[in-house]
Amino acid sequence: MLIVMKQDATDAQVEEVLSVIRGLGFKPHPMPGATRTAIGITGNPGAIDPRHFEMLGGVAEAIRVSKPYKLVGRDLKHEDTIVKIGDVSIGGSVPAIIAGPCAVESYDQTMAIAEVVASAGVKLFRGGAFKPRTSPYSFQGLGESGLKILAAVREQFGLSIVTEVLDTETVDLVEEYADIVQIGARNMQNFSLLRKIGQAKKPAILKRGMSATLDELLLAAEYIMAEGNYNVILCERGVRTFADHTRNTLDLSIVPAVQQRSHLPIIVDPSHGTGKREKVIPLARASIAVGADGIMVEVHNQPEQALSDGPQALLPEMFRQLVTDVNAIHKILTQPEHAAATL
Ligand code: PEP
Ligand code: MN
């Protein structure tokens with residue numbers, strides 16, 4: 001059920017609806033919008049009688065939600081969600097760029113790459129301290145000492161930190177260091193992890209599972225939101241298909257499909273999406289052109305020595321080119337007169 005408040009409903013009237021929902025033993029999710037507040041309800045095992053709400057002051061409508069998801073959908077919140085990290089917005093009018101190595105390998109490597117990222121004017125730095133690896137014998141990440149290196153990056157360059165959390169046991173630790181916690185493709189349906197991130201205070205990037213449908217991705221985000229964390233950023237990173245010319249098949253068609261159904265921002269990761277550095281710039285350009293709210297890419301100063309994902313890491317000069325291209329495409333989309341002038 002979804003309660004839509006009248007445009008002129010007072011805070012006290014909204015509060016009254018919230019307390020009726022709590023009194024029924026359910027959880028209210030108020031979502032203030034530009035024109036009206038809507039309140040989602042979770043925790044109810046079946047349909048709720050709309051008469052509980054229809055007579056309350058300030059209520060415009062009590063609507064049954066027929067979609068499988070309640071909180072991620074545009075029925076509840078029409079306006080786009082904008083996730084703010086410091087002075088950067090993800091989901092606003094400017095595409096966000098998140099860049100850095102696949103893994104934090106050492107202090108010197110991480111600082112050298114952070115310098116490349118910061119000097120390109122990019123504000124969000126990625127790097128894994130806990131790595132989900134296919135083989136148990138591959139480099140698993142530096143763990144807490146990697147998180148400390150990321151804290152040094154924030155301190156030195158003023159970059160905000162995106163880093164992955166692998167399990168429920170380390171959520172509190174990772175959250176202490178991260179500005180955004182990342183849930184990787186392999187964990188998209190780790191429901192206890194999703195719930196725990198739902199109780200966290202930091203925004204989350206939720207990567208699409210390797211064979212997840214759009215509804216499965218949105219329902220995974222719903223797990224996080226149902227616990228009260230509404231700052232969720234979806235990420236397309238390619239799905240597994242028969243194609244073997246790339247590591248994964250980057251499904252850019254999911255971007256407009258998500259935007260039609262959900263208010264949550266969606267970014268694209270063309271690094272894991274392609275697995276090859278020479279394909280990253282073209283697919284990053286396409287991601288911005290298709291309307292993604294940002295991109296996340298891997299960059300390395302010495303990719304031939306990288307402990308993970310070297311073949312897909314952009315070299316520093318390629319990364320600078322990518323930033324220029326992203327800004328140029330964004331400009332063409334938002335200032336069509338610029339496009340005409342350059343023809
Ligand atoms: C990553 O971003 O480092 C990563 C492991 O990606 P994915 O979960 O998409 O494979
Ligand atoms: Mn990687």
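**Exercise 1. The largest pocket**

Which residues lie nearest the centre of the largest pocket, and how many residues line the largest pocket?

*Solution.* 
Step 1. The lining of the largest pocket counts 23 residues. Nearest its centre are Pro 132, Arg 186, Arg 247, His 272 and Asp 309. The model is a predicted one.
Step 2. Take the volume: about 340 Å³ for the largest pocket.
Step 3. Sort the lining by class.
Step 4. Keep two names for the next exercise. His 272 and Asp 309 are among the residues nearest the pocket centre, and both are also protein donors of the manganese ion (ligand 2).

**Exercise 2. The manganese site**

List the protein donors of the manganese ion (ligand 2), then find which parts of the chain Cys 102 and Glu 298 tie together.

*Solution.* 
Step 1. Four protein residues supply donors to the manganese ion (ligand 2): Cys 102 through SG, His 272 through NE2, Glu 298 through OE and Asp 309 through OD. Their distances from the ion run from 2.0 to 2.4 Å.
Step 2. Write the spacing of these donors along the chain: C-x169-H-x25-E-x10-D.
Step 3. Check exposure against the cut-off for buried, under 20% relative accessible area. Cys 102 has 6% relative accessibility, so it counts as buried. Glu 298 has 1%, so Glu 298 is buried as well.

**Exercise 3. The second largest pocket**

What is the volume of the second largest pocket, and which elements give two or more residues to its lining?

*Solution.* 
Step 1. The volume of the second largest pocket is about 270 Å³.
Step 2. Its lining holds 16 residues, with Val 88, Val 94, Pro 95, Ala 96 and Ile 97 nearest the centre.
Step 3. Elements giving two or more residues to this lining are β6 (88-90), β7 and α11 (316-334).
Step 4. By class, the lining of the second largest pocket has nine nonpolar, five polar and two charged residues.

**Exercise 4. Enclosed space**

How many cavities of 30 Å³ or more does a search of the whole structure find, and which residues line the largest cavity?

*Solution.* 
Step 1. The search of the whole structure returns one such cavity. The volume of the largest cavity is about 30 Å³.
Step 2. Its lining consists of Arg 126, Gly 127, Gly 128, Lys 131, Val 162, Thr 163, Glu 164 and Gln 182.
Step 3. Strand β9 (residues 160-164) supplies the largest share of that lining, three residues.
Step 4. The classes in the cavity lining are four polar, three charged and one nonpolar.

**Exercise 5. Aromatic rings**

Find the aromatic pair and state its geometry.

*Solution.* 
Step 1. One aromatic pair turns up in a search of the whole structure.
Step 2. The partners are Phe 191 and Tyr 223, with ring centres 4.5 Å apart and planes at 25°.
Step 3. Apply the cut-off: planes under 30 degrees apart count as stacked, and the pair of Phe 191 and Tyr 223 is stacked.
Step 4. Phe 191 is in helix α6 (residues 191-198) and Tyr 223 in helix α7 (residues 214-226). They are 32 residues apart, and the pair links distant parts of the chain.

**Exercise 6. Cysteines**

How many disulfides does the structure hold?

*Solution.* 
Step 1. The count is zero.
Step 2. Cys 235 is buried, at 0% relative accessibility.

Definitions and conventions:
Residues numbered from 1 in each chain as written. Chains lettered and ligands numbered in written order. Predicted model: local features only at pLDDT ≥ 70, side-chain atom pairs only at ≥ 80, totals over all residues. Heavy atoms only, no water. Donors = N, O, S within 2.8 Å, 3.2 Å for Na, K, Ca; no water. Helix = DSSP H or I, 4+ residues; strand = E, 2+ residues; numbered from the N terminus. Buried < 20%, exposed > 50% of the residue type's maximum accessible area, 1.4 Å probe, protein only. 1 Å grid on protein atoms, 1.4 Å probe; cavity = no way out; pocket = protein on both sides within 12 Å on 5 of 7 lines; lining within 4 Å. Points joined across faces, edges and corners; volume = space filled by probe spheres on them. Nonpolar A, V, L, I, M, F, W, Y, C, P; charged D, E, K, R; others polar. Phe/Tyr/Trp six-rings, centres within 6.5 Å; stacked < 30°, edge-to-face > 60°. Disulfide = S-S within 2.5 Å.
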